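Thanks, everyone. Please have the model open.

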Amino acid sequence: MTDSVSRKVRLGVLISGRGSNLIALHKAIQHGKLTNAEISVVVSNRMDAKGLKWASDQGLNTVGLSEESARKPSLRDHAILERLLHYKVDFVLLAGYDRIISSTLLDAFPGRMLNIHPSLLPAFGGPGMLGRAVHEAVLAAGEQESGCTVHLVTDIVDGGAILGQTRVSVLANDTADTLAERVLNAEHQLYAEAVQNYIHRVTVS
Ligand code: GRF
């Protein structure tokens, strides 16, 4: 933050699954790599997301959307927005969140929503490029290098300004799973670094 606000920056983390990036962000805060910030709430569009249980076990505030509100895009983003505002979130971090964000949320957090994607964007991004599909596409294309990207979320899927990237070699005997694992390790490092660099240069009032 560049103003005189002394409070911690409040982060809202959106997840859909195991939440390993969420865990990495939490650790980064605990270990002082991500400073003057706190995870104010973890929201999942799936009640049974492993990461949601983990967050609740840590004593973090958690919200699991009901099946009905998770399914309908209009209900979903209104429900999420309501919770993010309730917890007075400054920045929204998508961490393995598998739904497209609508203008309902985007307009409420302009330049304040970040995502991590498991490829070197703009390559292998866009609608449908999620999780395993990304790594399969990288291998099918015969790439020698992949990686991960932290970017701002806009109305263009995976198309917002790039805030950080880490390159990861593709090995000759890689499968989608081995590549995913190596990229995921890089993600855990990159996300906290990129968040740290970004949130403390944007003013929060
Ligand atoms: C990560 O590879 C992330 O880049 C992608 O989905 C995966 C989620 O992993 N968006 P996790 O839930 O953080 O473990």
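I start in the sheet, where β4 and strand β5 (residues 113-117) run parallel and are joined by three bridges. Two strands count as paired here if DSSP finds at least two bridges between them. Helices (H or I, at least four residues) and strands (E, at least two) are DSSP runs, numbered from the N terminus. L93 has L114 of β5 as its bridge partner.

On sources: this is a predicted model, in which local features need pLDDT of at least 70 and side-chain atom pairs count only at pLDDT 80 or more, while totals for chains, interfaces and linings use all residues. Residues are numbered from 1 along each chain as its sequence is written, and side-chain values use heavy atoms, with hydrogens and water left out.

β4 also pairs with strand β1 (residues 9-15), in the parallel sense and over four bridges. There, L14 is opposite L94 of β4.

Is strand β4 (residues 91-94) covered or uncovered on its faces? Both faces are covered, with F91 and L93 buried on one side and V92 and L94 buried on the other. Buried means under 20% relative accessible area, with a 1.4 Å probe and protein chains only.

Contact means heavy atoms within 4.5 Å.

Last, the helix pair. The axes of α6 (residues 131-140) and α7 (residues 176-199) come within 9 Å and cross at roughly 110 degrees. Axes are lines fitted to C-alpha atoms, for helices over the stretch in contact, and angles run from 0 to 180 degrees between N-to-C directions. α6 and α7 are therefore roughly perpendicular, a term for 65 to 115 degrees. On the α6 side, the contact is made by R132, H135, E136, V138 and L139; α7 brings A176, D177, L179, A180 and V183.

Technical notes: Parallel < 35°, antiparallel > 145°, perpendicular 65-115°, else oblique. Buried < 20%, exposed > 50% of the residue type's maximum accessible area, 1.4 Å probe, protein only.
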